[in-house]
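Hello,

Here is the structure I promised to pass on. Please open it beside this email and follow along as you read.

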Amino acid sequence: MKNTAGQTLQFALCLDNAGYPTSLEVGKLYCVVPDEEAAAHGYIRIIAESGEDYAFTANRFHVVHLPHAVGQALLAASRT
């Protein structure tokens, strides 16, 4: 995730919450926290329902790239 104007923010759409119904919501967009080590092992780090970041298997998500303004609006809405 980049915070510079004009840059894209990375989000992931949850496709599967099996085993994690309180941590993940199918169909919800989650903010991705860059983590090269997790990615190297097939995981993606996201900000979960608790507000904390956790690594989950990447196949549970579909990564989407949004324009900075859209990403900022989603982040702001998630904080309210």
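First, some housekeeping. This is a predicted model, in which local features need pLDDT of at least 70 and side-chain atom pairs count only at pLDDT 80 or more, while totals for chains, interfaces and linings use all residues. Residues are numbered from 1 along each chain as its sequence is written, and side-chain values use heavy atoms, with hydrogens and water left out.

**The fold**

The protein has 2 helices and 5 strands, and from the N terminus on they follow the pattern β-β-α-β-β-β-α. Helices (H or I, at least four residues) and strands (E, at least two) are DSSP runs, numbered from the N terminus. The 5 strands make an open sheet with antiparallel pairing, in the order S4-S3-S2-S1-S5; two strands pair if DSSP finds at least two bridges between them. S4 and S5 are at the edges with a single partner strand each, so one side of each has no neighbour in the sheet. From one strand to the next, the twist averages 45°. (Axes are lines fitted to C-alpha atoms, for helices over the stretch in contact, and angles run from 0 to 180 degrees between N-to-C directions.) S1 and S5 run antiparallel and are joined by 6 bridges; Leu9, for one, has Leu66 in S5 as its bridge partner.

Of the 80 residues, 24% count as buried, where buried means under 20% relative accessible area, exposed over 50%, and partly exposed in between (1.4 Å probe, protein chains only). Among contacts (heavy atoms within 4.5 Å) with a separation of 6 or more, 46% come from residues 24 or more positions apart.

**Helix H2**

H2 lies across S1, S2 and S5, at about 60° to S1. Which residues of H2 are buried? They are His68, Gly71 and Leu75. Looking down the axis of H2, these buried residues fall within an arc of 65°, so they line one face of the helix; the arc is that of the directions from the helix axis to the C-beta atoms. The buried residues of H2 pack against strands S1 (9-14), S2 (29-33) and S5 (61-66).

**The aromatic rings**

Rings of Phe, Tyr and Trp (its six-membered ring) pair if their centres lie within 6.5 Å; planes under 30 degrees apart count as stacked, over 60 as edge-to-face and the rest as tilted. The count comes to 3 aromatic pairs. In one of them, the rings of Tyr30 and Phe61 have centres 6.3 Å apart and planes at 85°, so this pair is edge-to-face. It connects distant parts of the chain, with Tyr30 in S2 and Phe61 in S5, 31 residues apart. Both Tyr30 and Phe61 are buried. Phe56 and Phe61 also have ring centres 6.3 Å apart, but with planes at 55°, so that pair is tilted. Phe56 counts as buried because its relative accessibility is 5%. Ring pairs link Tyr20, Tyr30, Phe56 and Phe61 into a cluster.

**Arg60**

Is Arg60 buried or exposed? Arg60 sits in the loop between S4 (53-57) and S5, and its relative accessibility is 12%, so Arg60 counts as buried. Its side chain reaches the backbone oxygen of Ala18 at 3.0 Å. Leaving out residues up to four places away in sequence, Arg60 touches Leu13, Cys14, Leu15, Asp16, Asn17, Ala18, Tyr20 and Leu24.

Best wishes

Note on methods
A polar contact is a pair of N or O atoms within 3.5 Å; within protein, one must be able to donate a hydrogen and the other to accept it, and residues adjacent in sequence count only if both atoms are side-chain atoms.
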